[in-house]
Amino acid sequence: MQVLQGSFVAIVTPFKDNGEIDYSALENLLDWHITEGTNGIVSVGTTGESATLNFYEHIDVIEHTVKYVNKRLPVIAGTGANSTQEAIDLSIEAKSKGADFTLLVTPYYNKPNQNGLIAHYEKIADKVEMGHILYNVPSRTACDLMPKTVEVLSNHKNIVAIKEAVDDMQRIRELVNISKKHENFSVLSGDDPTFANALSIGAHGVISVAANVIPREISKICFELLNNKNKDIALNLDNNYKNLYDLLFLESNPIPVKWMLYKMNLIKSNIRLPLVELNETYHERIMSELYNLKLLS
């Protein structure tokens, strides 16, 4: 059985009006996800604005999340960096704070080749004894982790999954075939618009932006595909949220999702530079969809 299955929310990091982290709002979100059936929390990933948190804030958010969740759900800590040593340092700290897994984005900007990626990930996995999740999102990193490279890395006992954000079902099939050789290696979609299709062909779960807004529904889609094997029910439910998925990426993530959560009275609207609040031209479209989905009363 795969180590990781189901719906994992790439949770936002709420901020107060003065720019500090809003831990009270974060706790409320965590309680809500546990009640709504989310299967795990991804702390300080892209959606959690990891790129704008300093090292100490980064670790503090992980620590606070782990302590507050208190083993009710697994916590995956975003610890990727384009410096291998920095990724190791972050991963060591995440482990010391009690995180269950790390999420390691491919090194961005410096654009390593496939041999460099193997060396990068293997060194982290050698140095930090815990479960590590590879994360491939070339649209943001300009670095593509190829399936043949994943196959090499899947042989390492501490590398337990991949979050694949490329919208390519053939690639998902290749990764699923790799996972069949390792009972402890999971394939997690990182693309909300296509995650249900990925699960229907053998992926094991999703790390989702949409789960911030509709956690129960994303979890149900996963449950139907993974447990009841009821593809029609799951895909019909998923189809109800196609417009929402598109709206979540009208501007750079997490701009739209934080604005939606603000309108749902779950967080304040604050976001850190260089990102800014959602452009007003999109407000009406998003509000209309939130009302349509009965996410606003």
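User: How many nonpolar, polar and charged residues does the lining of the second largest pocket have?

Analyst: Rolling a probe the size of a water molecule over the atoms shows where empty space is left. In this predicted model, where local features need pLDDT of at least 70 and side-chain atom pairs pLDDT 80 or more, totals for chains, interfaces and linings use all residues. The lining of the second largest pocket has 7 nonpolar, 6 polar and 4 charged residues (Ala, Val, Leu, Ile, Met, Phe, Trp, Tyr, Cys and Pro count as nonpolar, Asp, Glu, Lys and Arg as charged, and the others, Gly among them, as polar). Residues are numbered from 1 along each chain, and side-chain values use heavy atoms, without hydrogens and water.

User: What volume does this second largest pocket have, and which residues are the closest to its centre?

Analyst: The second largest pocket holds about 260 Å³ of space, and of the 17 residues that line it, Val137, Arg140, Gly190, Phe249 and Asn253 are the closest to its centre. A pocket is an open set of points on a 1 Å grid over the protein atoms alone, with protein on both sides within 12 Å along at least five of seven lines, whereas a cavity is a set where a 1.4 Å probe fits but cannot get out; lining residues have an atom within 4 Å of a point.

User: What lines the largest pocket?

Analyst: The largest pocket has a volume of about 590 Å³; Gly45, Thr46, Ser50, Ala51 and Tyr108 are the closest to its centre among its 29 lining residues, which divide into 14 nonpolar, 12 polar and 3 charged.

User: How many cavities does the search find?

Analyst: The search of the whole structure finds 1 cavity of 30 Å³ or more, and the largest cavity has a volume of about 40 Å³. Its lining includes Gly45 and Thr46, and divides into 5 nonpolar, 3 polar and 1 charged residues.

Technical notes:
Grid points are joined across faces, edges and corners, and a volume is the space filled by probe spheres set on the points.
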